[in-house]
Amino acid sequence: MEFFCYHRDRPGSLPLREELGEAHWAYMDRYEAELIARGPTFADDGETPTGSVHIVDLPDAAAARAFAFDEPNYQAGAYRDVLLRRWRNLLGRTMWEFPGGRAGGDRHLVLGLGPSTGEPLEVPGDPDELIAFGPLLSDDGEVWVGTAALVRAPDPEAARAVLPRGRYAAIEVHAWEFGGRR
């Protein structure tokens, strides 16, 4: 089962995240084979971390909750909240298989949050600009509650355009970059 996990930073938690950097890396290393995508989000300055995205394939919801809530930064209070949803990988690849590679161009996390319009979700535009794309789902995987996309785009507005206007109650766009040890 695939899960989308977005840990959002608590304001002022950067020193704590820096202190726990190696603990976070070591924790994520345990899930290397299960990760579909990962990486930090950033504030408008492009430098201040605001969160951490992980898309992971795990056996069940209990394993996903353990992954999200046993993470060292979460345990230490660096995060203000966690968005954890079932997810479906509509591209069928990991971020490491993205044709655009790790570098070049701006990268963004785009979140479109429900309600569902009942229309089927389709991969938009040029899939070679999408790093990851899929629906956010209810716990049982049956109800669409939103969409999560990692996209290469020249600016936030172009990234936002991967999700159609009028389909979502809210759309968030965050600067994002490939994560993981290099």
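Let's start with the salt bridges: counting a side-chain nitrogen of Lys or Arg within 4 Å of a carboxyl oxygen of Asp or Glu, the total comes to 7 salt bridges. Keep in mind that this is a predicted model, where local features need pLDDT of at least 70 and side-chain atom pairs count only at pLDDT 80 or more, while totals for chains, interfaces and linings use all residues. Residues are numbered from 1 along each chain as its sequence is written, and side-chain values use heavy atoms, with hydrogens and water left out.

One of these bridges joins the side chains of Arg8 and Asp81, at 3.4 Å from N to O. Arg8 sits in strand S1 and Asp81 in strand S4, so this pair ties together parts that are 73 residues apart in sequence. (Helices, H or I with at least four residues, and strands, E with at least two, are DSSP runs numbered from the N terminus.) Asp81 also meets Arg80 through their side chains, with 2.7 Å from N to O.

Elsewhere, the side chains of Glu129 and Arg152 form a salt bridge at 2.8 Å, N to O. Glu129 belongs to the loop between S5 and S6 and Arg152 to strand S7, so the pair connects parts that are 23 residues apart in sequence.

Now for the strands themselves. They form a closed barrel of 8 strands in the order S1-S3-S2-S8-S5-S7-S6-S4, with antiparallel pairing; two strands pair if DSSP finds at least two bridges between them. The twist averages 30 degrees from one strand to the next, with axes being lines fitted to C-alpha atoms (for helices, over the stretch in contact) and angles running from 0 to 180 degrees between N-to-C directions. Take S5 and S7, an antiparallel pair with 7 bridges: here His108 stands opposite Val151 in S7. Helix H2 (residues 21-29) packs on the sheet and touches S2 and S3, its direction making about 160 degrees with that of S2. Helix H3 (residues 61-69) packs on the sheet too, touching S1, S2, S3 and S4, and its direction makes about 155 degrees with that of S4.

What about the nonpolar side chains? A nonpolar core is a set of buried Ala, Val, Leu, Ile, Met, Phe, Trp, Tyr and Cys residues joined through side-chain atoms within 4.5 Å, and the largest one has 19 residues. Those with the most contacts inside this core include Phe4, Trp87, Leu150 and Trp176. S6 gives the core its largest share, 3 residues. Leaving aside neighbours within four places in sequence, Leu150 has contacts (heavy atoms within 4.5 Å) with residues including Ala37, Ile55, Leu109 and Trp176.

Finally, look at Asn89, in the loop between strand S4 (79-87) and strand S5 (107-113). Asn89 is buried, at 15% relative accessibility. Its side chain reaches the backbone nitrogen of Leu91 at 3.2 Å, and a polar atom of the Asn89 side chain lies 3.0 Å from the backbone nitrogen of Gly92.

Note on methods: Buried means under 20% relative accessible area, exposed over 50%, partly exposed in between (1.4 Å probe, protein chains only). A polar contact is a pair of N or O atoms within 3.5 Å; within protein, one must be able to donate a hydrogen and the other to accept it, and residues adjacent in sequence count only if both atoms are side-chain atoms.
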